[in-house]
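Please keep the sequence and the three-dimensional view at hand while reading.

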Amino acid sequence: MQDTTILWADDEIDLLKPHILFLGEKGYKVTTVTNGNDAIEEFKNHYFDLVFLDENMPGLTGLETLSQIKSINNDVPIVLITKNEEEYLMEDAIGSKIDDYLIKPVHPKQILLTIKKLTENKRLVTEKTTMAYQQDFRTLGMTLNDHLSYQEWVEVYKKLIYWELELEALQDSGMHEILTLQKAEANVQFCKFVEKNYINWLKNPDNAPVNSPQLFKKKVFPKLDNNNVPVFFILIDNLRYDQFRIINPLISEYFRLEEEDTYYSILPTATQYARNAIFSGLMPLEMESRYPQMWQNDEDEGGKNLYEANFLADHLKRVLRRDVKHSYNKILNIDEGRALNESVNNLMNNELNVVVYNFVDMLSHARTDMHMIRELASDDAAYRSLTLSWFEHSPLYDLLKYLSQKQVKVIITTDHGTIRVKSPSKIIGDRNTNTNLRYKQGKNLNFNPKEVFHIRNPHDAQLPKLHVSSSFVFAKSDSYFVYPNNYNHFVNFYNETFQHGGISLEEMIIPIVTYTSR
């Protein structure tokens, strides 16, 4: 606090001597001037942590002085002090980006509060936030040892993400490291929970969380035909809950958040399984039976998500038993996004409009394959930042701004999340074993049983069985599968990349959020 320096410009500065002395006793160093020109000169020649400007000085006014000081250094907080309470003046001051204003006569303690708010806010917030997390750390630690329900796991995950974002904003590396360890421990316990309950959830859906094939039935269909308000269902592939949290403030500027919820992705948490299950309303084993010409298994050639529009149309008729006027659009690049925006008026008479945005999925794969993106998304915080930057400049954001001017309901969700992998897990399989790093299906797989969730009979998990002896194994927490004969190559290339397909809080607990027009 002794290093805090203040510049105070007021043509009646002598009358403020008691205030100056009071601040000196508190350890602040105050430089005084009586006009705007001297204030600018002092500001050019010395560093100040804070500036007080009288609004009504002879010569340059406070606002004129403010403008010139901002052009020298825009980062120093400036407080305007005025006798005038006229609304136009306040609007001018705020428009000029003052950091605070005070109305004369000012009280010394009022000034002290303003100084603390503007110069010590970060320290005070850091101390309070750190203390609050330390208290919550103990509560979370005890909670992880309880027998949690699937809904309680959602609350634990949301709490961990809350603290991750709070501590990230403070840039407190020590606290963030503690949180990272706690999050890793939570993932270990969550994987045990899923391993114990997953098959039972599929057998007893009434005692299970909403999952991928139930998403439309439980969360979308009830919102259709609501006073002829069109529903836009927007699926951003690979969007984690933390990524949703950082784009939500932008969306909420234009929409009213009606409902924020989560659901559980099915296994494998991979696009061809989870997203096809969403649009068909069926588990993969049921899809293979109902759509033998369209369902693609891991060994099959060709794209694995080519028939989502067909699955959706059949799903609507099968469940709602009526014709639902709808559309389906998949956006793979920025030009397709812009083209959709140009034709969006044609969709307003539809009851349901589905838009799949693949960009986040492409971003995660680019994170693996491209060195530049790998550098940009070096950790979870950078990955979130990159997602936010994309969203701010995406055609999707433009689409949402346009829709906010209409009477619509917007549902934003995803098909699965992704996790940054750090722990290699050795596996051996034949040449037909699939390439995904977070799950494998095949014959005679050889692995460490402690490191995987092994489903010996795929039909138990309502998954297709490619061969009599086929089984599935899922990587847990932050592990990923590597082949022993290429171990060093795999580790060097894939370690700390973002992958999906396995079991983790990040991959399985995912957002579904409903917005309405303001």
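A polar atom of the His19 side chain lies 3.0 Å from the backbone oxygen of Val106. The model described here is a predicted one.

- Apart from neighbours within four places in sequence, His19 is in contact with Trp8, Val106, His107, Pro108 and Ile111.
- Between His19 and His107 there are 8.0 Å in space, C-alpha to C-alpha, although the two are 88 residues apart in sequence.

**The six-stranded sheet**

- Six strands form an open sheet in the order β7-β19-β10-β6-β9-β8, and the pairing is mixed.
- The edges are taken by β7 (255–264) and β8 (326–331); each has a single partner strand, so one side of each has no neighbour in the sheet.
- On average, and with direction ignored, neighbouring strands of this sheet are turned by 15 degrees against each other.
- Strand β6 (residues 231–236) pairs in the parallel sense with strand β9 (residues 352–357) over six bridges, and Val231 stands opposite Leu352 of β9.
- The pairing of β6 with strand β10 (residues 409–413) is also parallel and extends over five bridges; here Phe232 stands opposite Val410.
- β10 and strand β19 (residues 509–517) run antiparallel and are joined by five bridges, with Tyr515 in β19 as the bridge partner of Val410.

- Strand β6 is mostly covered, six of its six residues being buried.
- Val231, Phe233 and Leu235 point one way from β6, while Phe232, Ile234 and Ile236 point the other way.
- In general terms, nonpolar side chains tend to be buried together in soluble globular proteins.
- The largest nonpolar core has 100 residues, of which Trp153, Tyr198 and Phe233 touch the most other members.
- Helix α8 (residues 173–203) gives the most to this core, contributing eleven residues.
- Tyr198 is in contact with Ile266, Leu267, Met283, Phe453, Ala461 and Met508, when neighbours within four places in sequence are left aside.

**A pair of packed helices**

- Helix α11 (residues 271–280) packs with helix α13 (residues 308–320) at an angle of about 35 degrees, and their axes are 7 Å apart.
- On the α11 side, the contact is made by Arg275, Asn276, Ile278, Phe279 and Ser280; on the α13 side, by Glu308, Phe311, Leu312, His315 and Arg318.
- Sorted by class, this contact of α11 with α13 comprises four nonpolar, three polar and three charged residues.

**A buried asparagine in a loop**

- Asn434 is located in the loop between β12 (423–428) and β13 (439–443).
- The relative accessible area of Asn434 is 7%, and the residue is therefore buried.
- The Asn434 side chain reaches the backbone oxygen of Tyr439 at 3.1 Å.
- A polar atom of the Asn434 side chain also lies 2.7 Å from the backbone nitrogen of Gln441.
- Beyond neighbours within four places in sequence, Asn434 is in contact with Asp298, Tyr439, Lys440, Gln441 and Tyr483.

Terms used. Residues are numbered from 1 along each chain as its sequence is written. This is a predicted model: local features need pLDDT of at least 70, side-chain atom pairs count only at pLDDT 80 or more; totals for chains, interfaces and linings use all residues. Side-chain values use heavy atoms; hydrogens and water are left out. Axes are lines fitted to C-alpha atoms, for helices over the stretch in contact, and angles run from 0 to 180 degrees between N-to-C directions. Helices (H or I, at least four residues) and strands (E, at least two) are DSSP runs, numbered from the N terminus. Contact means heavy atoms within 4.5 Å. Ala, Val, Leu, Ile, Met, Phe, Trp, Tyr, Cys and Pro count as nonpolar, Asp, Glu, Lys and Arg as charged, and the others, Gly among them, as polar. Buried means under 20% relative accessible area, exposed over 50%, partly exposed in between (1.4 Å probe, protein chains only). A polar contact is a pair of N or O atoms within 3.5 Å; within protein, one must be able to donate a hydrogen and the other to accept it, and residues adjacent in sequence count only if both atoms are side-chain atoms. Two strands pair if DSSP finds at least two bridges between them. A nonpolar core is a set of buried Ala, Val, Leu, Ile, Met, Phe, Trp, Tyr and Cys residues joined through side-chain atoms within 4.5 Å.
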